[in-house]
There are 2 protein chains.
Amino acid sequence: MEKSFNNRLLDKCNQVNNRLCIGLDIDPDKLSDNISDLKSIEAFTKEIIDATIDFCPVYKPNFAFYERFGSKGFVLLENIVAYIGDRAITIADAKRGDIGNTSRHYADSIFNQFGFDSVTISPYMGSDAIVPFAEDETKGVFVLCLTSNSSAKDFQFITENDSQLYEVVSDKTNSLNKHNNLGLVVGATNKQQMEALREKNSLPWLIPGIGAQGGDLETSIKVGNHNGIGIVNVSRSVIYAGNGSIDEIHKSALNYTQQIRSFL
Amino acid sequence: MEKSFNNRLLDKCNQVNNRLCIGLDIDPDKLSDNISDLKSIEAFTKEIIDATIDFCPVYKPNFAFYERFGSKGFVLLENIVAYIGDRAITIADAKRGDIGNTSRHYADSIFNQFGFDSVTISPYMGSDAIVPFAEDETKGVFVLCLTSNSSAKDFQFITENDSQLYEVVSDKTNSLNKHNNLGLVVGATNKQQMEALREKNSLPWLIPGIGAQGGDLETSIKVGNHNGIGIVNVSRSVIYAGNGSIDEIHKSALNYTQQIRSFL
């Protein structure tokens, strides 16, 4: 029998004793002139993977950074996912969310066409946007819950009967987790909110907002890995370290890894 | 001075006296064996456009139906958008929604790389997910508000101080409409909800759920075009008419058009 996604994620993270996810979101405008065309971006991304895959269990490309190059960017994305292969867990940070019939096509695309292990989902349209992605127990779904961006408060804190929207999303995701393959996106936001949510939710957490966005690593690791597994995503502070120096990228990722291990 | 998106949309709809949007969501599994590979899907989609563009003001490809073919599907999408050109208004039904920095890359992709006139947005992350798409007044943004799928109720009806989430999204979108280029996605759902929302919101509405999904055309057109403009999206009942017979597709689109005109 094949393993559920959540067990695969846990095994991979335990194998390398790490909870780091590297966001492969290369913006050539932020790097030296040597990295500008798609060929050099592909070579650079592969170098980042080579320099970190011995200890990094999860990689997460955000689709925006590939789609901006049109169809050629999706060739790049296909190549990157294939390059990682089964050496690490991949998350398609695509924040999909549509009606059931359409979600099934997206799931087909992300899991079968691109070959990702998991995907991020925006829950506004309800369970129709989530369930079609979770039919294969070996593939995972991270549902946006409490995000760390400044306008998260616009809608996520709307409160009915003492429950805020993000808590309702957490409870709903819990109830839909029939195949042990659902998780949540919980931003590195304030400690009390994270702690209160963790008490009620033991699904895997993907925690963005560390590094350039200012989230606290210690809180994220300690709260995220209490009553469940929590992986922290770092993008800019790793991939732009030393303006694209692979040595500095390796050092930065290893530094995060050592901190994570000390907090576990 | 260039026209705002909302004025362009209104002008185009008035030019052909229509409020129809055709959803270009070709699923070859639903059609005859002649339409199966990407080349035949492209030819078929262009035939649909040719048969309807004299009277249809808006076309909306849903990204899932292109992305399922991987990078090659995005070449198809680029070709379709280029084929429509400035003969009609195009909506990228991509339901994007991400933090500000990422949203800017998506906007660049959808407006500059693919060449769309407008995009659909999922609002869960708040204004960060909307504003970066609205910087160019000639480009439009339709924000998911009240959707017509069965699980819309999971989150959209959460109520604080007598306002349901979808009403809060409507008000927020109103307040962000600085350049006359924001609109809402309001599904063809129950008449009372649509009427109450229309009283408070005069932005353009994109109304899905007509046809295969069972929504009422008369209600959608009458409510949607009171105190604003409302365009109805029809996909399956047009593009699969007569199992891909262009004659039947033309007839079906024209039939919707004649009904729409009678209700205006």
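Reader: Let's start with B:N17. Is that residue buried or exposed?

Author: In this predicted model, B:N17 is exposed, because 12 other C-beta atoms lie within 10 Å and the cut-off for exposed is 12 or fewer.

Reader: Ok, and where is B:N17 in the chain?

Author: B:N17 sits in the loop between α1 (5-15) and β1 (20-23) of chain B.

Reader: Let's hop to A:N243. What's phi there?

Author: Phi of A:N243 is near 50 degrees, again positive in a residue other than glycine. A:N243 is in the loop between α10 (236-239) and α11 (246-263) of chain A. A:N243 counts as exposed, because there are 11 C-beta neighbours inside 10 Å.

Reader: Switching to B:V119. Which strand is that in?

Author: B:V119 belongs to β4 (residues 118-121) of chain B.

Reader: And is B:V119 buried or exposed?

Author: Buried: B:V119 has 26 other C-beta atoms within 10 Å, and 20 or more is the cut-off for that.

Reader: What does B:V119 touch, leaving aside neighbours within four places in sequence?

Author: The contacts of B:V119 are B:A92, B:A94, B:R96, B:I110, B:F133 and B:V141. As for B:T90, it is 29 residues away from B:V119 along the chain, with 8.4 Å between the two C-alpha atoms.

Reader: Now the core. Which residues touch the most other members of the largest nonpolar core?

Author: A:V143 and B:V143 do, in a core of 164 residues. Not counting residues up to four places away in sequence, A:V143 touches A:I121, A:P123, A:I130, A:V169, A:T173, A:L182, A:L184 and A:V185.

Reader: Last topic, the two chains. How many residues are in contact between chain A and chain B?

Author: 45 residues of chain A are in contact with 45 residues of chain B. Elements giving two or more residues to chain A's side include α3 (64-67), α4 (71-84) and α7 (165-176). The largest share, six residues, comes from α5(A). By type, that side divides into 18 nonpolar, 16 polar and eleven charged residues.

Reader: Why do you say the copies meet through the same surface?

Author: Because 100% of the interface residues of chain A are also interface residues in chain B.

Technical notes: Residues are numbered from 1 along each chain as its sequence is written. Chains are lettered from A and ligands numbered from 1 in the order in which they are written. This is a predicted model: local features need pLDDT of at least 70, side-chain atom pairs count only at pLDDT 80 or more; totals for chains, interfaces and linings use all residues. Two residues are in contact if their C-beta atoms, placed from the backbone, lie within 7 Å. Helices (H or I, at least four residues) and strands (E, at least two) are DSSP runs, numbered from the N terminus. Ala, Val, Leu, Ile, Met, Phe, Trp, Tyr, Cys and Pro count as nonpolar, Asp, Glu, Lys and Arg as charged, and the others, Gly among them, as polar. A nonpolar core is a set of buried Ala, Val, Leu, Ile, Met, Phe, Trp, Tyr and Cys residues joined through C-beta atoms within 7 Å.
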